[in-house]
Amino acid sequence: MKEFISKSENETKQIAYAISETVKDFNPDVVVDLHESLRSSSSSFFDQDTSSRLGDLLIYGNSWTSLFTQTIIEDYNKEYLKEGDYPFGTDTYAPGNSFNQYFGKLYEDRLVITVETTRYINASTPKDESRRIEQQLELIDMILKYSQDY
């Protein structure tokens, strides 16, 4: 969720807050937040602007999730990476009050992961939307399968 969780009068933040309250009502074992970034974290095409280079990452929300995401990424990059894809990596970066950080603190003993895909292959070539969706579904499938043994 791009919008930070807050009770402010901003309508988008109110929606983010309502979603977070609904998630808490379900008390989940796994929280997955889907995002798309303009740029890949692996890309050299946008070296001048690293602020939006979060693509092709699994961002973990707490230390408990760290090893889990590393295992997912190693297996994903071996089994699912296609020609033209950047390999996925892991990161701990979650902005303050983001969905990932909020639930990572709330559920320190549960899996909290942001899946960040990339919209562009390079500066002028967008990645096909169907491939981005396919990556998200593959990663969600792996997260859910692996979480049964975690």
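Author: Helices (H or I, at least four residues) and strands (E, at least two) are DSSP runs, numbered from the N terminus. In these terms, the protein chain reads α-β-β-α-β-α-β-β-β-α along its sequence, with four helices and six strands in it. The model is predicted, so local features need pLDDT of at least 70 and side-chain atom pairs count only at pLDDT 80 or more, while totals for chains, interfaces and linings use all residues. Residues are numbered from 1 along each chain as its sequence is written, and side-chain values use heavy atoms, with hydrogens and water left out.

Some totals come before the pairs. Of the 150 residues in the protein chain, 41% are buried; buried means under 20% relative accessible area, exposed over 50%, and partly exposed in between (1.4 Å probe, protein chains only). Contacts are heavy atoms within 4.5 Å. Among contacts in the protein chain with a separation of 6 or more, 71% are between residues 24 or more positions apart.

The charged pairs are taken up next. Side chains of opposite charge can pair when their charged atoms come close. A salt bridge is counted where a side-chain nitrogen of Lys or Arg lies within 4 Å of a carboxyl oxygen of Asp or Glu. The whole structure has nine salt bridges.

One of them joins Lys24 and Glu21, at 2.8 Å from N to O. These two residues are three apart in helix H1, which puts about one helical turn between them. Lys24 is partly exposed at 27% relative accessibility, and Glu21 is partly exposed at 25%.

Another salt bridge is made by Arg132 and Glu36, with 2.5 Å between the closest N and O atoms. Here the pair links distant parts of the chain, since Arg132 belongs to helix H4 (residues 129-147) and Glu36 to strand E1, 96 residues apart. Arg132 is buried, with a relative accessible area of 11%, whereas Glu36 is partly exposed at 23%.

Asp85 and Arg131 also meet in a salt bridge, at 2.5 Å from N to O. This pair too links distant parts of the chain: Asp85 is in the loop between H2 and E3, Arg131 is in helix H4, and 46 residues separate them. Asp85 is buried at 13% relative accessible area, and Arg131 is buried at 9%. Both belong to a network of salt bridges that links Lys82, Asp85, Arg131, Glu134 and Glu138.

The loop between H2 and E3 also holds Gly84, which is partly exposed with a relative accessible area of 47%. The C-alpha atom of Gly84 is 9.2 Å from that of Lys127, 43 residues away along the chain.

The aromatic pairs follow. Rings of Phe, Tyr and Trp (its six-membered ring) pair if their centres lie within 6.5 Å; planes under 30 degrees apart count as stacked, over 60 as edge-to-face and the rest as tilted. There are five aromatic pairs in the structure. Tyr76 and Phe88 make an edge-to-face pair, 5.3 Å centre to centre and with 80° between the planes. Because Tyr76 lies in helix H2 (residues 63-79) and Phe88 in the loop between H2 and strand E3 (89-91), the pair ties together parts that are twelve residues apart in sequence. Both Tyr76 and Phe88 are buried.

The pair of Tyr102 and Phe103 is edge-to-face because their ring centres are 5.0 Å apart and their planes stand at 90°. Tyr102 is partly exposed, with a relative accessible area of 26%, while Phe103 is buried at 0%. Ring pairs join Tyr102 and Phe103 with Phe99 and Tyr107 in a cluster.

Helix H3 (residues 99-106) has Phe99, Asn100, Phe103 and Gly104 as its buried residues. Viewed down the axis of H3, these residues fall within an arc of 120°, so they line one face of the helix; the arc is that of the directions from the helix axis to the C-beta atoms. Their packing partners are helix H1 (11-26), strand E1 (30-37), strand E2 (57-60) and strand E4 (111-118).
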